[in-house]
Amino acid sequence: MAVRQHDIETDVPVDHSSAHAAGHGAHAEGQQHPIKLYLWIWLLLFVFSAFSYMVDYFQLQGALRWTLIIVFMLIKASFIVAIFMHMAWERLALKLAILVPPLALLILIALMAIEGDYTFLTRLASFVK
Amino acid sequence: MSHEPATLEPGFRGVTADWSADKQAFPVPWGKAMMWIFLLSDTFIFSCFLTSYMNVRMSTTDPWPNTAEVFALTVGGHHIPLLLIAIMTMVLITSSGTMAMAVNFGYRRDRKRTAQLMFATAALGLCFVGMQAFEWTKLIVDEGVRPWGNPLGAAQFGSSFFMITGFHGLHVTGGVIYLTVVAWRVLSGFYDRKGTYETVEVAGLYWHFVDLVWVFIFAFFYLW
């Protein structure tokens with residue numbers, strides 16, 4: 001099978017105990033990326049998780065709070081799907097088949113938000129003194 | 001070989017060609033395509049849980065319990081909000097990192113390192129489930145949280161919490177078993193005899209998805 005990305009011979013040894021490239025198999029298959037790439041994404045996931053935690057720790061409130069939470073969440077989700085799950089290197093047909101259907105959920109979320117508001121107002125009007 | 005990437009057209013012309021030509025639509029191993037389809041269906045399940053959580057949280061007239069306080073830990077006299085959840089998040093991210101590297105060594109057919117990294121991933125997953133068990137015990141025994149009500153605030157908190165984190169924990173538990181079996185087969189040379197390590201990549205997809213779901217649970221349930 002064709003080596004699609006970086007050739008394994010260009011692998012950069014990094015100073016992580018488990019990350020040294022061992023003997024390369026004679027038949028490398030699938031996608032080849034340097035271990036360094038995964039370590040970077042790992043670090044970035046840590047950093048963005050720490051940022052999300054800080055949002056709560058410093059008790060940011062209101063629009064700023066939920067904007068930051070959602071931005072950090074989407075950044076982390078994109079890294080996981082694109083790099084760890086290798087979606088960035090898949091063909092567009094597979095990307096579209098997997099990433100487009102979840103957009104339908106936005107409609108569900110919108111409908112349930114309207115419904116939730118309605119239930120809340122009904123409860124206020126009818127059951128809460 | 002089921003495909004030759006070099007001859008496939010890129011972009012939207014490629015999409016048209018992939019979907020309309022008289023051939024396999026997705027030029028990837030079938031196990032990988034099926035895992036993606038399964039994960040898509042799982043996305044809808046978790047989204048339904050999170051959407052129902054949003055709905056009950058919006059519609060309740062009782063105050064929602066303050067998650068920063070509910071999930072706080074006291075370490076050496078210091079009260080640190082959401083500490084346990086932060087540690088659980090770090091553990092799961094780390095397990096995702098080791099899994100990504102396991103897949104990479106799988107591509108190189110490095111039997112030993114692939115197995116080591118997969119066992120490490122499974123161990124971290126087990127660690128995560130252990131902390132979740134601790135968290136559930138604390139909530140059920142010490143705080144008196146039940147699916148039908150709790151002394152902290154809105155009754156819907158318990159049912160949402162147990163349903164969402166329980167289903168996620170079930171996925172992690174299943175993943176630990178799955179990874180252990182695959183890692184064992186890697187170590188025994190099963191995939192060398194089979195001629196392909198693609199099962200490692202498919203298992204990796206599942207494990208990264210578990211991490212992905214946690215990103216959303218962390219944001220919506222714990223931080224919101």
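Me: Thanks! So, is E69(B) buried or exposed?

Reply: E69(B) is exposed, because it has 11 other C-beta atoms within 10 Å. The cut-offs are 20 or more other C-beta atoms within 10 Å for buried, 12 or fewer for exposed, and partly exposed in between, with C-beta atoms placed from the backbone.

Me: Which helix is E69(B) in?

Reply: E69(B) sits in α3 of chain B, residues 67-70. Helices here are DSSP runs of H or I with at least four residues, strands are runs of E with at least two, and both are numbered from the N terminus.

Me: And how far is E69(B) from V91(B)?

Reply: Their C-alpha atoms are 21 Å apart, and the two residues are 22 positions apart along the chain.

Me: Before I go on, what should I know about the model and its numbering?

Reply: It's a predicted model, where local features need pLDDT of at least 70 and side-chain atom pairs count only at pLDDT 80 or more, while totals for chains, interfaces and linings use all residues. Residues are numbered from 1 along each chain as its sequence is written, with chains lettered from A and ligands numbered from 1 in the order in which they are written.

Me: Okay, chain A. What's it made of?

Reply: Chain A has 4 helices and 0 strands, so from the N terminus the order is α-α-α-α by that DSSP definition. Of its 129 residues, 21% are buried.

Me: How many residues does each chain put into the contact?

Reply: Chain B gives 55 residues and chain A gives 58. A contact means that the C-beta atoms, placed from the backbone, lie within 7 Å.

Me: Which elements of chain B are involved there?

Reply: Those that give two or more residues are α1 (11-20), α2 (30-59), α4 (83-107), α5 (111-142) and α8 (198-223) of chain B. By class, that side has 34 nonpolar, 14 polar and 7 charged residues. Nonpolar covers Ala, Val, Leu, Ile, Met, Phe, Trp, Tyr, Cys and Pro, charged covers Asp, Glu, Lys and Arg, and the others, Gly among them, are polar.

Me: How do α4(A) and α2(B) pack?

Reply: Their axes are 7 Å apart, at an angle of about 25 degrees. Axes are lines fitted to C-alpha atoms, for helices over the stretch in contact, and angles run from 0 to 180 degrees between N-to-C directions.

Me: Who meets whom in that pair?

Reply: Residues of α4(A) including L105(A), M112(A) and F120(A) meet residues of α2(B), among them S47(B), M54(B) and M58(B). The contact of α4(A) with α2(B) has 8 nonpolar, 6 polar and 3 charged residues.

Me: What about α2(B) and α8(B)?

Reply: Their axes come within 10 Å and cross at roughly 15 degrees. That makes α2(B) roughly parallel to α8(B). Among the residues in this contact are W36(B) and F46(B) of α2(B), and L205(B) and F209(B) of α8(B).

Me: Last one: which residues touch the most other members of the largest nonpolar core?

Reply: Of its 72 residues, A102(B), M118(B), L179(B) and F218(B) do. Such a core is a set of buried Ala, Val, Leu, Ile, Met, Phe, Trp, Tyr and Cys residues joined through C-beta atoms within 7 Å. Helix α8(B) gives the most to this core, with 18 residues.

Note on methods. Two residues are in contact if their C-beta atoms, placed from the backbone, lie within 7 Å. Angles under 35 degrees count as roughly parallel, over 145 as roughly antiparallel, 65 to 115 as roughly perpendicular and the rest as oblique.
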